Amino acid sequence: MAHSNESTVSEFVLLGLSNSWGLQLLLFAIFFIIYVTSVLGNAMIIVIIFSDSHLNSPMYFLLSNLSFIDICQSNFATPKMLADFFVERKTISFEGCMAQIFLLHSFVGSEMMLLVAMGYDRFVAICKPLHYNLIMNRRVCIIFVSISWAVGILHSVSHLAFTVNLPFCGPNEVDSFFCDLPLVIKLACMDTYRMEILTLANSGLISLSCFLALIVSYIIIFVTVQHQSSSGSAKALSTLTAHITVVILFFGPCIYFYIWPFSRLSVDKFLSVFYTICTPLLNPVIYSLRNEDVKSALRKLTKRHVNPGKN
């Protein structure tokens, strides 16, 4: 990845989360457990969904793709952060920094669109149940997933197109554990006001539009559920509660960053940690462990491999 000839910065220094050796060891232990749990949990969901024919439905197809994105998001910066806990001077090359920016915004943009697709799936299932199989067929699901990745990549490329050519000619300390785009832009040797506005408009547009689309669909679903039978209503609300919880926890920090992207407060590092490290855990913990179909499939898969002779 080439950058402008004006740039003299070949690497960035990541200031990390703390200078205290004891605290860094504690954070390493906590984040390592979260990282391993997140990767294994999402991988387990993918295996369960593709190994159980009862989970061969649009909702679980989209859920498996969400798990794949979460695995990708878990690996864009967390392994380096864990390794950096044992390094006094935490550096990342210019190319590595641009790669982190590209990957983060690709995964986040894709996940936003995929959450919208999952919201639409629930909308059709609850509001138009008789037409569900006709509307949400496998071809439509593949189109949704393809659009999600295309939007995520285009969203990321639009950021990277102007960031990679900014003149970095001296300051190179990023007050985070990864290359956070607003913090990197601030290091450029020029007036970055226009770049800040472009970043805000680009990221804010996709996050707010996806969030509003989900809110509208959930309101319509809630109104529809009120007119259903009590048993059907309870099941629909249970599924919907998991979706809404994930949406709030995912979009909350995201919208905060895009409303105040360049005014950094002490709480921002905490939100960055939650957003990049903890968010991938939402899928296995909230979506799946509360889902009876997934838990039943997990039990069958476990019995099949632990006691193969009894099957």
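**Exercise 1. List the residues that line the second largest cavity of this predicted model, then sort the lining by class.**

Solution. 
1. The lining consists of L14, G16, L17, S18, Q24, M81, D84, F85, K90 and F177. The model is a predicted one.
2. Sorted by class, this lining holds five nonpolar, three polar and two charged residues. Gly is counted with the polar residues.
3. The space inside the second largest cavity is about 60 Å³.
4. A search of the whole structure gives three cavities of 30 Å³ or more.

**Exercise 2. Work out which parts of the chain are tied together by the salt bridge between K300 and D52.**

Solution. 
1. In this salt bridge the closest N and O atoms are 3.3 Å apart.
2. K300 is in helix α12 (residues 292-306), and D52 is in the loop between α1 (21-51) and α2 (58-75), so the bridge ties together parts that are 248 residues apart in sequence.
3. D52 counts as buried at 7% relative accessibility, whereas K300 is partly exposed at 37%.

**Exercise 3. State how many salt bridges the structure holds, and decide whether D121 and R122 are buried or exposed.**

Solution. 
1. The structure has five salt bridges.
2. One is formed by D121 with R122, where the closest N and O atoms are 2.8 Å apart.
3. Both D121 and R122 are buried.

**Exercise 4. Give the strand order of the three-stranded sheet and identify its edge strands.**

Solution. 
1. The order is β2-β1-β3, in an open sheet with mixed pairing.
2. β2 (91-93) and β3 (173-174) are the edge strands, as each pairs on one side only.
3. β1 (residues 11-14) pairs with β2 in the antiparallel sense, over three bridges.
4. Within this pairing, F12 has I92 of β2 as its bridge partner.

Technical notes
Residues numbered from 1 in each chain as written. Predicted model: local features only at pLDDT ≥ 70, side-chain atom pairs only at ≥ 80, totals over all residues. Heavy atoms only, no water. 1 Å grid on protein atoms, 1.4 Å probe; cavity = no way out; pocket = protein on both sides within 12 Å on 5 of 7 lines; lining within 4 Å. Points joined across faces, edges and corners; volume = space filled by probe spheres on them. Salt bridge = Lys/Arg side-chain N within 4 Å of Asp/Glu carboxyl O. Helix = DSSP H or I, 4+ residues; strand = E, 2+ residues; numbered from the N terminus. Buried < 20%, exposed > 50% of the residue type's maximum accessible area, 1.4 Å probe, protein only. Pairing = 2+ DSSP bridges.
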